[in-house]
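Hi,

Here is the structure I promised to pass on. Have a look at it first, and my notes follow below.

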Amino acid sequence: DRKRVWVRSEGQNLRDIPKRFACSCSVLGTKGFTSGRHYWEVVVGKGVCWAVGVALESVPRKEPLNLHRSEKVWRLRLDEDGQYRAVSMTSEVLALREILLRIRVCLDYEAGRVTFYNAEDMTQIVQLEATFNEKVFPYFWVYSKKTQIWLCD
């Protein structure tokens, strides 16, 4: 339905196309952006091993992505040990008091900012700086079979 991301128990027989990730449980949103301000909300529930954010169109898709740093992905991640991290060129552990269930991802293309909010009370979680010079897509990563990410309407 292009609204949910999860790990399937059984494999799928999918064609290997250039846009499909081969070595990562990552997917990109269907709509990319080359200008403006945009936001979307996702429900992550009580799952673990997930990430949400943005990625450049040129993000590598046929090789493993580094989970701790990237020059093409800006993400908020929850590790299996319960630690939240802000990941871009570096990986920063975030000292959050609450469990995040619903997250707002805000992209400001011209300003080069990706800001994450707790959508329950709209408190800012973290803001990552970037330089965008190509199309940017919503980014989702799920590693645990106990986790689903829903894109809100």
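Met122 lies in the loop between S9 and strand S10 (123–129); strands here are DSSP runs of E with at least two residues, helices are runs of H or I with at least four, and both are numbered from the N terminus. Met122 has a positive phi of about 60° although it is not a glycine. Most residues other than glycine have a negative phi. At 36% relative accessibility, Met122 counts as partly exposed, because that term covers the range between buried (under 20% relative accessible area) and exposed (over 50%), with a 1.4 Å probe and protein chains only.

Before you read on, please keep in mind that this is a predicted model: local features need pLDDT of at least 70, side-chain atom pairs count only at pLDDT 80 or more, and totals for chains, interfaces and linings use all residues. Residues are numbered from 1 along each chain as its sequence is written, and side-chain values use heavy atoms, with hydrogens and water left out.

Cys49 also has a positive phi, near 60°, and is a residue other than glycine. You will find Cys49 in the loop between strand S3 (37–43) and strand S4 (50–56). Is Cys49 buried or exposed? Its relative accessibility is 8%, so Cys49 counts as buried.

Gly47 is in the loop between S3 and S4 as well. With a relative accessibility of 10%, Gly47 counts as buried. Leaving out residues up to four places away in sequence, Gly47 touches Leu78, Lys146 and Thr147, where contact means heavy atoms within 4.5 Å. There is also a C-alpha separation of 9.7 Å between Gly47 and Gly82, which are 35 residues apart along the chain.

On to Thr115, which sits in strand S9 (residues 113–118). Thr115 is buried, as its relative accessible area is 5%. Which side chain does Thr115 join in a polar contact? That of Gln127, at 2.8 Å; a polar contact is a pair of N or O atoms within 3.5 Å, and within protein one must be able to donate a hydrogen and the other to accept it, while residues adjacent in sequence count only if both atoms are side-chain atoms. Beyond four places in sequence, Thr115 touches Arg104, Val105, Cys106, Gln124, Val126 and Gln127.

Now the overall picture. How many helices and strands does the protein chain have? There are zero helices and twelve strands. Six strands form an open sheet in the order S2-S11-S4-S5-S6-S7, with antiparallel pairing; two strands pair if DSSP finds at least two bridges between them. Strand S2 (26–28) and strand S7 (91–94) are the edge strands, each pairing on one side only. From one strand to the next, the twist averages 20°, using axes fitted as lines to C-alpha atoms (for helices over the stretch in contact) and angles that run from 0 to 180 degrees between N-to-C directions. Strand S6 (residues 84–87) runs antiparallel to S7 and is joined to S7 by four bridges, and Val87 stands opposite Ser91 in S7.

Finally, some totals. Of the 153 residues in the protein chain, 45% are buried. Among contacts with a separation of 6 or more, 64% are between residues 24 or more positions apart. The chain exposes about 9000 Å², and carbon and sulfur atoms supply 47% of it, with areas from the Shrake-Rupley method using a 1.4 Å probe and, for residues, only the protein chains shown as cover.

Cheers
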